[in-house]
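Hello,

Here is the structure we spoke about, with notes on its cores, ring pairs and one of its pockets below. Please bear in mind that the model is predicted.

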Amino acid sequence: GKKSAEHQQIPTLTEHFLKAHPHNRSYALSYKSRSAIGLAGKNAPAIWFDKKTGKFRSSKKFFAITPEWLSNFNQKHPLLNKKKNTWDLRHTDKKYYDFPCIDNYQYSRLKTLFKSGNLISRAKSPLGFIKQFMLTPDANQTLLDLSYQVIADTFDKNPDAHLLIWIGLSSLDKVGHRFGPQSKEAVDTIYHLDTQMDSFMDQLAKVVSPKQTFYVLTADHGIMPIPELLKQCYNKKNPGQRVLIHEVKDLINKDIKQQYGVGHVVSALPAPYVYLNQEKLDALPPAIQFNILGRIKEILESIPGIKNVYSAQDLYIQALKRGSTKWLFANQMYPRRSGHFVLEVEPGVLLAKRTKGAGHNSPSDYNLHVPLVFYQPQVSNHRVINKKVWIPQMTRTLATILNVEAPSPYSMAELPD
């Protein structure tokens, strides 16, 4: 494989960490290649899961040949070589699952995974079996087992090593998209993950002194409830709404075709971005281009559930208040790569490709409010800080803790004490 961080624009925290001391080592492990590679950067090995084979792999950009320990793990780990997917509920007491609509699968993308006993309904193909496995708690357990093996192997060969390990536990994301965050599958995934991480830390303490270990837990996003269940189950004041992307795209393209004779002016709408066919726009007189852009914005603003429509130009040139929605969108814009418009929806509204399931493309607390936990065994005091912070602050703080250069001159301030 040729996957790598070759086109990454700025150095990562990992790259600065590896430069800081010759003994430093780092690995990034995830079920998603983009997650592993993005965290590893250009100098550390990245390992991810190949859903075609059901095994972990890397690319020649990171390893000239597959390490023997990785091949052995793939061949011998029982959870990667079982014939049936299973899922035992973490708790037998029903009180742990006493939540509104936890068994309502009317609007989920898949029917419940829980069948009689602990057997999951049989997958229709080998690929389906692997995708099904990636939804289960066994997926997180397998990745934690691989992470432990990497750590144990590294310290066995170089006990003086300073080791930075990134672990991307992504089954909750997959479960959330398919079943919603309040489903039994999502709730039980968290229960299992809590137990699995506790066991992982106990196991790791036998290899590395707890006082020399520092853990950080966070997420890149949350996920909103399935909108059709919002009012019925969780928030009676919020009706919830699903806006289908293909309908928005068709509405605009039909209107612009009728008024200006330009077909398929909207080329893509990966929420919350709207991409236009720049080649077609460039072929038109500037005045017509201006009118078309104005008309598209007018149509978007008229759609129920869409709160604000921002043009890329506005986000590029305006001085924006840190923490505002426009500032959040502007930070994610990149010239010639981002869309022509960005859509901000009302709370409880989901811009969706599908008629069922959930997502995380709005700037509401459902998506922005995620855990951020720092923990050093036998050292940390329990504190809860109820203050809104941003993930780049975590990067700056980790750089200080690791005593390395922060990865970007544009990083924010450290987290509050």
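Cores, ring pairs and a pocket

The largest nonpolar core holds 46 residues, and those with the most contacts inside it are Tyr 27, Leu 29, Tyr 31, Ile 47, Phe 49, Phe 56 and Leu 146. Helix H5 (residues 137–157) gives the most to this core, eight residues. Another core, of 24 residues, lies apart from it and has Val 248, Val 274, Ile 306 and Val 349 among its members.

On the aromatic side, a search of the whole structure finds 14 pairs. Tyr 27 and Trp 69 have ring centres 6.4 Å apart and planes at 80°, which is over 60, so the pair is edge-to-face. This pair links distant parts of the chain: Tyr 27 is in strand E1 (residues 25–30) and Trp 69 in helix H3 (residues 68–76), 42 residues apart. Both Tyr 27 and Trp 69 are buried.

The rings of Tyr 31 and Phe 56 have centres 5.4 Å apart and planes at 55°, so this pair is tilted. Tyr 31 counts as buried at 5% relative accessibility, and Phe 56 at 3%. Ring pairs join Tyr 31, Phe 49, Phe 56, Phe 73 and Phe 133 into a cluster.

The second largest pocket contains about 450 Å³ of space. It is lined by 16 residues, of which Leu 293, Ser 311, Ala 312, Gln 313 and His 340 are the closest to its centre. Helix H11 (286–302) and helix H12 (312–317) are the elements that give two or more residues to this lining. By class, the lining of the second largest pocket has six nonpolar, six polar and four charged residues.

Regards

Key:
Residues are numbered from 1 along each chain as its sequence is written. This is a predicted model: local features need pLDDT of at least 70, side-chain atom pairs count only at pLDDT 80 or more; totals for chains, interfaces and linings use all residues. Side-chain values use heavy atoms; hydrogens and water are left out. A nonpolar core is a set of buried Ala, Val, Leu, Ile, Met, Phe, Trp, Tyr and Cys residues joined through side-chain atoms within 4.5 Å. Buried means under 20% relative accessible area, exposed over 50%, partly exposed in between (1.4 Å probe, protein chains only). Helices (H or I, at least four residues) and strands (E, at least two) are DSSP runs, numbered from the N terminus. On a 1 Å grid over the protein atoms alone, a cavity is a set of points where a 1.4 Å probe fits but cannot get out, and a pocket is an open set with protein on both sides within 12 Å along at least five of seven lines; lining residues have an atom within 4 Å of a point. Grid points are joined across faces, edges and corners, and a volume is the space filled by probe spheres set on the points. Ala, Val, Leu, Ile, Met, Phe, Trp, Tyr, Cys and Pro count as nonpolar, Asp, Glu, Lys and Arg as charged, and the others, Gly among them, as polar. Rings of Phe, Tyr and Trp (its six-membered ring) pair if their centres lie within 6.5 Å; planes under 30 degrees apart count as stacked, over 60 as edge-to-face and the rest as tilted.
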